Amino acid sequence: MVRLSNTIWLLIFIATGSLAEDSAKQALELLQKSEALMRSSGTEAEYQIDILRPDWQRTMTFRSHDDRDNKRFRMEILSPRKTKGTVFLKVDNILSMYLPKLRRQINISPAMMQDPWMGSDFNNQDLLDTDAMIDGHTHQIIDRQGEGETGIYTIESIPEPDTTVTWKKLVRKIRGDGVPLEMAYHCRKKIRRLMVFDQIAEMGGRVIPTRWTMQPEDGEGKRTVITLQSIKFNLTLESQLFTPMQAQ
């Protein structure tokens, strides 16, 4: 009887482990599918960003160039006039800011990483962590509604001990076709932020969300809305784009 009981527990243990491995594999495949949908080897996009507060509101526009393969990123403010030409540049995992009026490039120090980016609900670290949302994490599907391309999968991602990110975990909802729907940041300081992706439409030849809203849990009436205005995928991006002094 004891031998039979041990055998049953061993089978349960093996089956549970196999299910966990399947869940991790499927979660990783969905995350990679979503990243491939939203990014490419060379992407150029223009956005409007609305920073909304109970007593004020500010609107900016910017253009971004994302060189995913070389992990380089450039963001240039197009308006308002006061900040036009300001460039944020990520190269070799170093974030810098180019100020056109001073014609100076300033590296953003680690002490400034948690500062709000341009007064929004994003911070400077968010610009650096774009490439760190899949690698260096363990992923599991913790819920699913439906199956196939229209199914909605909830994926929990836990950073590995040697991964340097600002969150304790990410909980993402992704459609089976890779369209992201929601991402909750559970941060180290227990301040949770929720990003919602909606207004799904065809743009740049792909069906993608065209509005992203970042909502801090502790900030009633506060949110930052990014609206995609145009996007082009699979471009060849010139290296000079990633030199701050080339700001136009």
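**Salt bridges, strands and core**

Mentor: Start with a salt bridge: the side chains of arginine 39 and aspartate 66 meet at 2.7 Å, N to O. A salt bridge here is a side-chain nitrogen of Lys or Arg within 4 Å of a carboxyl oxygen of Asp or Glu.

Trainee: What should I know about the model itself?

Mentor: This is a predicted model: local features need pLDDT of at least 70, side-chain atom pairs count only at pLDDT 80 or more, and totals for chains, interfaces and linings use all residues. Residues are numbered from 1 along each chain as its sequence is written, and side-chain values use heavy atoms, with hydrogens and water left out.

Trainee: Back to that pair. Is arginine 39 buried or exposed?

Mentor: Arginine 39 is buried, at 10% relative accessibility. Aspartate 66 is buried too, with a relative accessible area of 8%. Buried means under 20% relative accessible area, exposed over 50%, and partly exposed in between (1.4 Å probe, protein chains only).

Trainee: Which residues are linked in a network with them?

Mentor: Glu35, Arg39 and Asp66 form a network of salt bridges.

Trainee: How many salt bridges are there in the whole structure?

Mentor: A search finds 13. Among them is arginine 72 with aspartate 67, at 2.8 Å, N to O. Arginine 72 and aspartate 67 are both buried.

Trainee: What about glutamate 217?

Mentor: The side chain of glutamate 217 meets that of arginine 192 in a salt bridge, 3.5 Å from N to O. Glutamate 217 lies in the loop between β12 and β13 and arginine 192 in strand β11, so the pair ties together parts 25 residues apart in sequence. Glutamate 217 is exposed, with a relative accessible area of 54%. Arginine 192 counts as partly exposed, at 27%.

Trainee: OK, strands. How do β11 and β12 pair?

Mentor: Strand β11 (residues 192-203) and β12 pair in the antiparallel sense over 10 bridges. Two strands pair if DSSP finds at least two bridges between them. Methionine 203 stands opposite arginine 206 in β12. The two strands form a hairpin with 2 residues between them, and glycine 204 in the turn has a positive phi of about 65°.

Trainee: And what does β12 do with β13?

Mentor: They pair in the antiparallel sense over 4 bridges, with β13 covering residues 223-232. Methionine 214 stands opposite threonine 224 in β13. This hairpin has 6 residues between the strands, and glycine 221 takes a positive phi near 80°.

Trainee: Why call β12 largely enclosed?

Mentor: Because 8 of the 11 residues of β12 (residues 206-216) are buried, the rest of the structure largely encloses the strand. Threonine 213 is in β12. Threonine 213 is buried, with a relative accessible area of 14%.

Trainee: What does threonine 213 touch?

Mentor: Leu194, Met195, Val196, Arg223, Thr224 and Val225, not counting residues up to four places away in sequence. Contact means heavy atoms within 4.5 Å.

Trainee: Switching to the core. Which residues touch the most other members?

Mentor: Phe88, Trp117, Tyr185 and Met195, in the largest nonpolar core, which has 40 residues. A nonpolar core is a set of buried Ala, Val, Leu, Ile, Met, Phe, Trp, Tyr and Cys residues joined through side-chain atoms within 4.5 Å. A second, separate core of 8 residues includes Leu30, Ile134, Ile141 and Ile174.

Trainee: Now β4 and β5. How many residues are between them in the hairpin?

Mentor: Their hairpin has 2 residues between the strands, and aspartate 92 in the turn has a positive phi of about 55°. β4 (residues 87-91) and β5 (residues 94-99) pair in the antiparallel sense over 5 bridges. Lysine 90 has leucine 95 in β5 as its bridge partner.

Trainee: Last one. Where is aspartate 143?

Mentor: In strand β7 (residues 137-145). Aspartate 143 is partly exposed, with a relative accessible area of 35%. The C-alpha atoms of aspartate 143 and threonine 154 are separated by 5.0 Å, though the two are 11 residues apart along the chain.
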